[in-house]
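The entries are in the order of looking.

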Amino acid sequence: MSAMNIRIETIADRDAVHALLCTAFDGDGEAGLVQSLHADGDVVLSLVAETEGVVCGHVLFSRLHVVNGDTRFPAVALAPLAVSPTHQRQGIAARLVEEAHRRLITTGETLSVVLGEPAYYGRFGYRHEDAAKFESAYQCEALQAVRWGDDAPGTGKLVYASAFGGL
């Protein structure tokens, strides 16, 4: 594999990310989600992986809130994570998630939630047990959370960015 660079997504990357998402997910649902999250200002972190100047991977974390009564606690939602089919099974997705987690922890985030394959996301510390007590329209075994520190809430209602309502 050629040298890979992971960096913050720029506006100049948007068309390449859109094309990547349409290819990786065989449709434009996730690409539309990303466009809406950007348009609404709900993106917390968006990274791309590139090799030989070509975007081959993408991960996005959007703002999520945990609501307990009158308290709104900020958290993040991981969605989507994608790698171009020609670059899969090379560890790119794992490197994207690990780098994103490092950056999120550095900026003070304490809770991330994902709806995905438990065996895959479990390797990054996500566990259904950490998400099971949250009220969510997506509550199931695939809903998982990772907590970075003792300040992260363990209960409450998960309120996703409005763009998720269009899925």
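The notes below take the pocket, then the rings, then the helix.

**Ground rules.** I worked on a predicted model, where local features need pLDDT of at least 70, side-chain atom pairs count only at pLDDT 80 or more, and totals for chains, interfaces and linings use all residues. Residues are numbered from 1 along each chain as its sequence is written, and side-chain values use heavy atoms, with hydrogens and water left out.

**Pocket.** I took a pocket as an open set of points on a 1 Å grid over the protein atoms alone, where a 1.4 Å probe fits, with protein on both sides within 12 Å along at least five of seven lines; lining residues have an atom within 4 Å of a point. I read about 610 Å³ for the largest pocket, a volume being the space filled by probe spheres set on the grid points, which are joined across faces, edges and corners. I found 30 residues in its lining, with Phe25, Pro80, Leu81, Ala82 and Tyr121 nearest the centre. Two or more lining residues come from each of α2 (29–40), β4 (71–83), α3 (92–106), β5 (111–115) and α4 (118–121); helices (H or I, at least four residues) and strands (E, at least two) are DSSP runs numbered from the N terminus. β4 gives the largest share, 6 residues.

**Rings.** I paired rings of Phe, Tyr and Trp (its six-membered ring) with centres within 6.5 Å, calling planes under 30 degrees apart stacked, over 60 edge-to-face and the rest tilted. I noted 5 aromatic pairs. Tyr120 and Tyr121 are edge-to-face, because their ring centres are 5.1 Å apart and their planes at 85°. Buried means under 20% relative accessible area, exposed over 50%, partly exposed in between (1.4 Å probe, protein chains only). Tyr120 is partly exposed at 22%, and Tyr121 is buried at 11%. I also logged Tyr138 and Tyr160 as edge-to-face, with centres 5.1 Å apart and planes at 85°. Tyr138 sits in the loop between β6 (134–135) and β7 (143–147) and Tyr160 in strand β8 (residues 156–160), so this pair ties together parts 22 residues apart in sequence. Tyr120, Tyr121, Phe124 and Tyr126 form one aromatic cluster.

**Helix α3.** I counted 15 residues and a reach of 21 Å from first C-alpha to last, close to the 21 Å expected at 1.5 Å a residue; the expected span is 1.5 Å times one less than the number of residues. Its buried residues include Ile92, Leu96, Val97 and His101. The buried residues of α3 pack against β1 (4–8), β2 (43–51), β3 (54–68), β4, α4 and β7, contact meaning heavy atoms within 4.5 Å. Just after α3, Gly108 has a positive phi of about 100°.
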